[in-house]
Amino acid sequence: MRTKSLKKNKINVITLGCSKNTYDSEVLMGQLKASGKDVVHEQEGNIVVINTCGFIDNAKAESVNTILEYADKKEKGLVDKVFVTGCLSERYRPDLEKEIPNVDQYFGTTELPLLLKALGADYKHELLGERLTTTPKNYAYLKIAEGCDRPCSFCAIPIMRGKHVSQSIEKLVKEAEGLAKNGVKELILIAQDLTYYGLDLYKKRNLAELLENLVKVEGIEWIRLHYAFPTGFPMDVLDLMKREPKICNYIDIPLQHISDNILKSMRRGTTKEKTTKLLKDFREAVPGMTIRTTLIVGYPGETQEDFETMRDWVQEMKFERLGCFTYSHEENTHAYLLEDDVPEEVKQARAAEIMDLQSQISWDLNQEKIGQTFKCIIDRKEGQYFIGRTEFDSPDVDNEVLIDAANFYVKTGEFVNVKIVDATEFDLYGEPV
């Protein structure tokens with residue numbers, strides 16, 4: 001008589017969406033490992049956890065397609081169980097349960113203990129900040145706050161992530177120390193809104209004090225700031241950036257638009273004049289800093305004149321890094337009450353025009369770097385190149401420095417001084433010196 005073999009479960013975590021989701025997946029995986037579970041990230045496993053994104057249409061479609069793909073695999077017996085968590089699940093759980101019932105269970109963004117229980121693991125409070133990182137070993141994300149209190153009309157994040165909640169400085173320093181012990185050299189600070197950090201805990205904007213503490217962590221050489229908000233930006237951060245070499249001369253500050261009509265409708269709490277002054281102050285306080293921003297085209301009521309105001313301003317400001325998105329009409333947001341009146345083809349054409357303009361700006365700025373030497377971190381080897389970044393570049397979204405592996409050897413995860421010998425719109429080619 002054949003006895004049934006005991007199959008050991010392997011949990012495969014799949015991450016969709018932004019760096020904040022990456023962080024959440026890493027925390028989940030750290031908890032599972034601490035409970036003795038066999039856990040992998042985006043490999044093969046008989047139990048699947050999909051961490052979804054529900055931010056805009058494209059991201060929602062990718063999340064739904066991934067859930068359908070694994071529900072189908074479950075149907076065919078290729079996987080045993082499928083669990084879904086994250087923003088899409090938080091926002092549309094009743095609809096998902098109805099439309100895709102073949103998923104074992106859906107969980108929201110704050111239900112980590114319940115998800116762990118469903119996976120046969122316990123939530124361990126003592127695992128403060130410990131997680132299984134999925135990024136290359138030299139950098140990691142550090143989520144300093146969750147949620148958002150801003151009233152932006154187009155954004156569904158407060159619906160999915162709740163109110164702003166800062167993590168304490170002590171907890172974040174401890175987490176950074178743990179990451180540094182594991183070989184992390186670069187911390188990328190993330191939150192829905194960095195500039196709000198500390199208001200709930202310390203009754204003041206406290207990003208500068210957090211940074212003062214993080215720069216003391218041994219082994220951390222770069223600290224990078226992502227997702228600052230233009231209104232109420234704590235200017236003491238700039239003084240610190242200028243005098244503290246560990247803080248990269250880099251900031252990601254999504255500005256979304258510049259036409260006063262659209263900014264008002266978007267409920268951004270600022271104007272073209274104030275925003276332009278803020279960026280001027282940035283550049284005066286930290287000469288040579290890189291500013292990354294993102295813009296939205298095709299917001300309800302955006303006229304050709306509004307768009308041209310933004311286009312001319314992009315030309316004038318010459319951002320080092322810029323991304324452009326077409327507006328996505330999201331239910332339960334304030335802007336959903338407005339008519340989504342800019343045709344899709346107009347949205348696409350406007351986005352393309354902004355990105356064409358930006359690629360020319362990027363080309364010009366990169367040509368100026370030829371002949372200069374930069375400190376670079378080497379992230380990986382891909383094909384015939386070692387691929388690194390300067391302090392002015394964030395992973396996945398910015399320029400990369402390519403070093404020909406046929407002629408030079410550099411160690412991944414290490415810092416190297418690289419002389420730039422050639423450049424395109426979005427890549428630099430260099431030689432170690």
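This is a predicted model: local features need pLDDT of at least 70, side-chain atom pairs count only at pLDDT 80 or more; totals for chains, interfaces and linings use all residues.
## Confidence of the model

Across the protein the mean pLDDT is 93, and 98% of the residues reach 70 or more. Over residues 1-5, however, the pLDDT is below 50, and this stretch has zero contacts in the model beyond near neighbours in sequence.

Among the elements of the protein, the lowest mean pLDDT, 83, belongs to helix α5 (residues 157-161), while the highest, 98, belongs to strand β17 (residues 415-423).

Strands of a sheet pair through backbone hydrogen bonds, either parallel or antiparallel. Here five strands form an open sheet with parallel pairing, in the order β2-β1-β3-β4-β5. Because β2 (38-41) and β5 (105-106) stand at the edges with a single partner strand each, one side of each is left without a neighbour in the sheet.

Strand β1 (residues 10-15) pairs with strand β3 (residues 47-52) in the parallel sense, and five bridges join the two. Within this pairing, isoleucine 11 has isoleucine 47 of β3 as its bridge partner.

## Helices across the sheet

Helix α1 (residues 19-34) lies across β1, β2 and β3, and its direction makes an angle of about 170° to β1. Helix α3 (residues 87-99) lies across β3, β4 (81-86) and β5, running at about 125° to β4.

Technical notes: Residues are numbered from 1 along each chain as its sequence is written. Side-chain values use heavy atoms; hydrogens and water are left out. Two strands pair if DSSP finds at least two bridges between them. Helices (H or I, at least four residues) and strands (E, at least two) are DSSP runs, numbered from the N terminus. Contact means heavy atoms within 4.5 Å. Axes are lines fitted to C-alpha atoms, for helices over the stretch in contact, and angles run from 0 to 180 degrees between N-to-C directions. pLDDT is the predictor's confidence in each residue, from 0 to 100.
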